[in-house]
Amino acid sequence: MKRPIIGVGFLLMILLLTACSSSKGYEGDFSYDIKEFEFTNQNGETVSKEDLEGDFWVADFIFTNCTSACPPMTNNMARLQTMVEEAGLEDQVRFVSFSIDPEHDSPEVLKDYANKFQADFTNWDFLTGYEPQTIKEFALKSFKAPVEKLPLKDAPEGQPDYDFMHSSRMYIITPEGKAIKGYIGTDINNMEPLFEDLKGYIN
């Protein structure tokens, strides 16, 4: 009569060990759950959170009319992408740039912008295709990163009459969809530490 009890107990122990091993934890500076999303990339393709599961990814927030933080951030992300490719890790790392100006940044506009930085679209998606309020709420809830559109009264001729307050960080997200570290993306000196952290997590 005791054998079934022992068998059930053994089975429960195996299930518990399996559950523990399948939820690997990564030590970082914080742990933010990325909310579900389904957006459109520079090629007009749908990209969702589910599509990114199983890979590490690096994310940032940009808009193509930006003349301050975004160009150096995108340039540094391109440098980071090259470092990842040279290390042979391109199949394990994705890059995602969320536009915070979807009313202007269509897939075509994002693709033109990305090409200026020689972005490799194999594992880098520039996302749009949502309402401004959607990305505002997504950035805040997923990354604790506020986004605010600011009107400009004296914009130079030919320039947009608005700017954005937004995060200039690049974030590491785990294969389970948790943001765990952030780096100031405008500083090229942060790309090496970011890359080393990525390698450490992967290995």
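This is a predicted model: local features need pLDDT of at least 70, side-chain atom pairs count only at pLDDT 80 or more; totals for chains, interfaces and linings use all residues.

Reader: In what order do the six strands form the open sheet?

Author: Strands of a sheet pair through backbone hydrogen bonds, either parallel or antiparallel. Helices (H or I, at least four residues) and strands (E, at least two) are DSSP runs, numbered from the N terminus, and two strands pair if DSSP finds at least two bridges between them. Here the order is 1-10-9-4-5-6, with mixed pairing. Strand 1 (32–33) and strand 6 (124–127) are the edge strands, each pairing on one side only.

Reader: Which way do strand 4 and strand 9 run, parallel or antiparallel?

Author: Strand 4 (residues 56–62) and strand 9 (residues 169–173) run antiparallel and are joined by three bridges. Ala 59 has Tyr 171 of strand 9 as its bridge partner. Strand 5 and strand 6, in contrast, run parallel, with four bridges between them; there, Phe 95 has Trp 124 of strand 6 as its bridge partner.

Reader: Which residues cover the faces of strand 6?

Author: In a regular strand the side chains alternate between the two faces of the sheet. In strand 6, Trp 124 and Phe 126 lie on one side and Asp 125 and Leu 127 on the other, and all are buried. Buried means under 20% relative accessible area, exposed over 50%, and partly exposed in between (1.4 Å probe, protein chains only).

Reader: Which strands does helix 3 touch?

Author: Contact means heavy atoms within 4.5 Å. Angles run from 0 to 180 degrees between N-to-C directions, with axes as lines fitted to C-alpha atoms, for helices over the stretch in contact. Helix 3 (residues 70–86) packs on the sheet and touches strand 4, strand 5 (93–99), strand 6 and strand 9; its direction makes about 165° with that of strand 4. Helix 4 (residues 107–115) lies across strand 4, strand 5 and strand 6, at about 135° to strand 6.

Reader: How many aromatic pairs does the structure hold?

Author: Rings of Phe, Tyr and Trp (its six-membered ring) pair if their centres lie within 6.5 Å; planes under 30 degrees apart count as stacked, over 60 as edge-to-face and the rest as tilted. The structure holds 23 such pairs. One of them is Tyr 26 with Phe 56, edge-to-face, at 5.1 Å centre to centre and 75° between the planes. Tyr 26 is in the loop between helix 1 (2–21) and strand 1, and Phe 56 is in strand 4, so the pair ties together parts 30 residues apart in sequence. Both residues are buried.

Reader: Where is Asn 123 found?

Author: Asn 123 is in the loop between helix 4 and strand 6. Asn 123 counts as buried because its relative accessibility is 3%. A polar atom of its side chain lies 3.0 Å from the backbone oxygen of Val 93; a polar contact is a pair of N or O atoms within 3.5 Å, where within protein one must be able to donate a hydrogen and the other to accept it, and residues adjacent in sequence count only if both atoms are side-chain atoms.

Reader: Is Asp 112 buried or exposed?

Author: Asp 112, in helix 4, is exposed, with a relative accessible area of 52%.

How values were computed: Residues are numbered from 1 along each chain as its sequence is written. Side-chain values use heavy atoms; hydrogens and water are left out.
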